[in-house]
Amino acid sequence: VTRLPIAVTVNGEPCEGDVEPRTLLVQFLREHLGLTGTHVGCVVGECGACSVLVDGALVKSCLMLAVQAHDREVTTIEGLAKDGALHPVQEAFVNAFALQCGFCTPGFVMAAHALLERNPNPTEEEIRHDLSSNLCMCTGYVQIIEAVEQAAGRRRS
Amino acid sequence: MTAHAHIGQRARSKEAPRHVSGRGRYVDDLVLPRMLHACILRSPYAHARIASVRLSPAVVAGNLQVSGSSVRAVITPEDIKRLSRPFKPGRYAAGLRVPISEYAGAIDKVRYVGEPVAVVVADTRAAAEDALELIEVDYEPLPAVASTGAAVSPDAPLIYEELGSNVAWAGHVAYGDVDDAFRRADRIVRENLKIHRYSSTPLEPFACLVEHTPERLTIWCNSQSPDVIYDALTEALGIENVRVIVPDIGGGFGQKIHLIRKYAVLTALMAVKTGRPVKWIEDRSEHMMAGGHSCEQEFDVEAAVQSDGEVLGLRIVDTDDVGGSISTLTIHFTNKLNNLFNTYKVQHLRLEGRSVLTNKCPVVPNRGIGKPGMCFVWERMMDRIAQELALDPIAVRRRNLIAADQFPYTTPNGNIHGSGDYQTLLDRVLANVGYEEFRKRQSQSRVGRASPKPSGEGGSGSPGEPDRVRPTGERLLGIGVVIGVEPGGRNAARDMAIFPQSKQMPGAGGVEGATVKLEKNGSVVFRLGSPSCGQSHETTAAQIIADVLGITPERISMAGTFDSSLSPWGVSSSNSGNNFHLYDVGAVHGAATRVRDKVLTLAAHVLKTERSVLHIEEGVVVGRVPKPASPQPLAAEAGGPAVETVTFAELGKIAYANQALLPPGMEGGLEATYYHSHPHADPLMLPDMQGRVRAQYTFSSAAHAAVVEVDSETGRVRVLRYVIVSDNGTLINPSVVDGQIYGSAAHGISVALGEGFVYGDDGQLLTLTLLDYGKSTTLETPAIEIEHFPVPDPFTTLGQKAAGEGAAIPSPAAIASAVEDALSPFGVKVRHLPLSPERVWQLIRDGKSAER
């Protein structure tokens, strides 16, 4: 079996690994690096639970091979909090009760973070449009949208 | 106890910080040394005989290398039969005419696409998946039965030959004098209704990790009902020392109660066989085809009604498509006992049921189980009765509602609705949605479309007075207003109502435990007897303990998730049936009350005072001394500086480390476990001679109003507003309850608008992905507006009622009602779900052609 060496910067730290060509980025993150905050809900790019940032762009890590992340910068949910303090988007999700079982949550937080980086003051319609990349079976999305609105408000203030 | 400082507050979530930072801990996150990975070979056929299973010689020799990894073990149907025992028939299979053995995997026949046939374990998941190709199964395909209609035809192939028919169970319940009600009626209103197959599709599929050591078998499993797994492992493997650990669960909704036991057993078999830990993680497609569906239900309904809208009685024939397993035969039938009369004071009802086997996925509980169907029947019939009698649909409902002064109200089948105010729920929802203004706007919009004459009164669009307006525009507005109950708190004896002859009682009432411990440093930890699938049990329980003990929730934490060896659990210890609010809340409250008692006893001794003068402020016990009697009694008695307060930390140190300061005879420690049963479980905990039994113990209720817009060209339905007024009794954390209502409403709406499973006539599932299945995203899901109208329950610990799946029960009916209202210009009747664009378009087309 062929194994390929890769070097990826993950949450600011250089990481190396030997992976099969077919290894998905999400498998590399979870199984090789132990970053289990990135979840697998469908493995076909429909649910968004595995969303991460690759060079700042929102990516479903089940739709990308680990080898494609070679020489690139990946940010996972574990990389958002700084010095033990939750990121404002994370804090907003907590305050707004924007989660129940928590399985989709890392993906939604990453998607919301990516949206606010691009558009710091989105309308509800823009939030709904952007977050339609991710599925949540528990919340009916109401409190998730409130959380993104809260996070945007905090950024403005 | 004094006024609540924490109960009723939107206390900060205890679970959320770990989940937003990726520190939740789910089964797939766990890794054990030398762990192997399992993968399951599943049937590609809906119906086939298994003629033979062959393994390649290398597999048999046990030295197979695949993809650079070793294949460690394989089990085939023959092995499953040899190494395990079939499950005992549970309460939902009690109605079988002949006993049928069901193993964890298929043995001689497959009965649905995706049924497990063989299991491979290898060093990696990828290798295990690759190795599936090395198992050769010879199937002899049989004709598949993909609908109840086909299943009951005389020449239908039999799914279980030993039953002699695909109707695996038939029976009925009847209350009151139904025939007399129909004789007395001014009119009989008839309808055929259908609700389709769907699921709650928890985002985390099934997951099991099993380790077999000489001492015991330990399973980490995302089961909602660990008691099912606990019993299944013992039944199937004959191992008594079983430990079930449930870490964080990525959504349940009922999906993770029943079928998951098969996979627990299969994974355990592999762990026993290899002597190594084995992990099995289901993938999405596996879950869609074999993880369990809610049952497709068809209802032939007759209502006996008076001209003024009074409903005298109902006759319902319920045909349930239960798929290719006998294990949950009657689950969608008996759950209808929970809301058999919905919110109505109707006295006569007969419900006849048939559980029909088909070559489709077995059925499982799912956000309400049969209850959305039962509510759909009532609420569709209320609209239909109004149309046939040319009455207002709201008025017909009001005519039949249980009145506010009738509570506690006993339904004819024995349910006791403790409290409620159904008329006010309707008043509030009509006010909040702006019903009258909407009707005016709707009427104007219809008139505005070149109407030859004004539309009917109130624009209700009754077929008796067909509205001739033909919208040439695109958008048809409609409103639907419905009402329903959310039963909560299990009575395990419920199913005996349909099996009065059964010798084996499946249990009765319910028991649930909780442990609360005040630690040496004054902080508090607790354990619950039930797992959580995201209902914020930690947050809610901490608020209750905080109020009982007099300590802030920040100093309270949950000591780990469910562990059958450590958690105090009863058989109600299930994340199902809306049990938390009744059993866990009662247990936590009881355990905290016992700890409070110990704290006060110890404090009184330490402070040398009477318990009656003590109270607790934020973790400090304070001796309140009556001033007039004696200005400084403590100082006087002690002969030194007054010690009028003692902290929890000081008490903790004494309780665990300083026997000299303990009152004589007092047990050390400050810990208590309490098992709660509903103190008002009687009357009718056990069925009486008329088959009356308390199906559940509390009854939340809600009125829902949906405003929709239907595109007449495409059939697409948009929900413009969705308004709920909900009575969940005393709210412990309103934000948590809001979340439960939002989520269950959104699911019911998505179900009504098109999410669901579709099978081909050959029994092949055509909706294997979430996209094909049609789950609503942020784009389709409406903003949902909630008003709480809590009426405390007189019989529960804090006046609380259930808050979980509730809004999934009336919401399909609300959408159906609103879409029918929108299409009333075409005289369309909505009978069947889902209201996918295709079906709505067809309804509009049929309505138009009927006009010509």
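A disulfide here is a pair of cysteine sulfur atoms within 2.5 Å. This is a predicted model, with local features needing pLDDT of at least 70, side-chain atom pairs counting only at pLDDT 80 or more, and totals for chains, interfaces and linings using all residues. Residues are numbered from 1 along each chain as its sequence is written, chains are lettered from A and ligands numbered from 1 in the order written, and side-chain values use heavy atoms, leaving out hydrogens and water.

**View 1. Cys50(A) and its closest cysteine sulfur, in Cys62(A).** Searching the whole structure turns up zero disulfides over all chains. For Cys50(A), the sulfur of Cys62(A) lies 3.8 Å off, too far for a bond.

**View 2. Cys208(B), in no disulfide.** Its nearest cysteine sulfur belongs to Cys221(B), 4.1 Å away. Cys208(B) is buried too, with a relative accessible area of 0%.

**View 3. Helices H2(A) and H3(A) cross.** Helices are DSSP runs (H or I, at least four residues), numbered from the N terminus. H2 covers residues 88-95 of chain A and H3 residues 105-118; their axes, lines fitted to C-alpha atoms over the stretch in contact, come within 9 Å and cross at roughly 125 degrees.

**View 4. Where H2(A) meets H3(A).** Contact means heavy atoms within 4.5 Å. On the H2(A) side sit Val89(A), Gln90(A) and Phe93(A), and their H3(A) partners include Phe108(A), Ala112(A) and Leu116(A).

Methods:
Buried < 20%, exposed > 50% of the residue type's maximum accessible area, 1.4 Å probe, protein only. Axes fitted to C-alpha atoms, helices over the stretch in contact; angles between N-to-C directions. Helix = DSSP H or I, 4+ residues; strand = E, 2+ residues; numbered from the N terminus.
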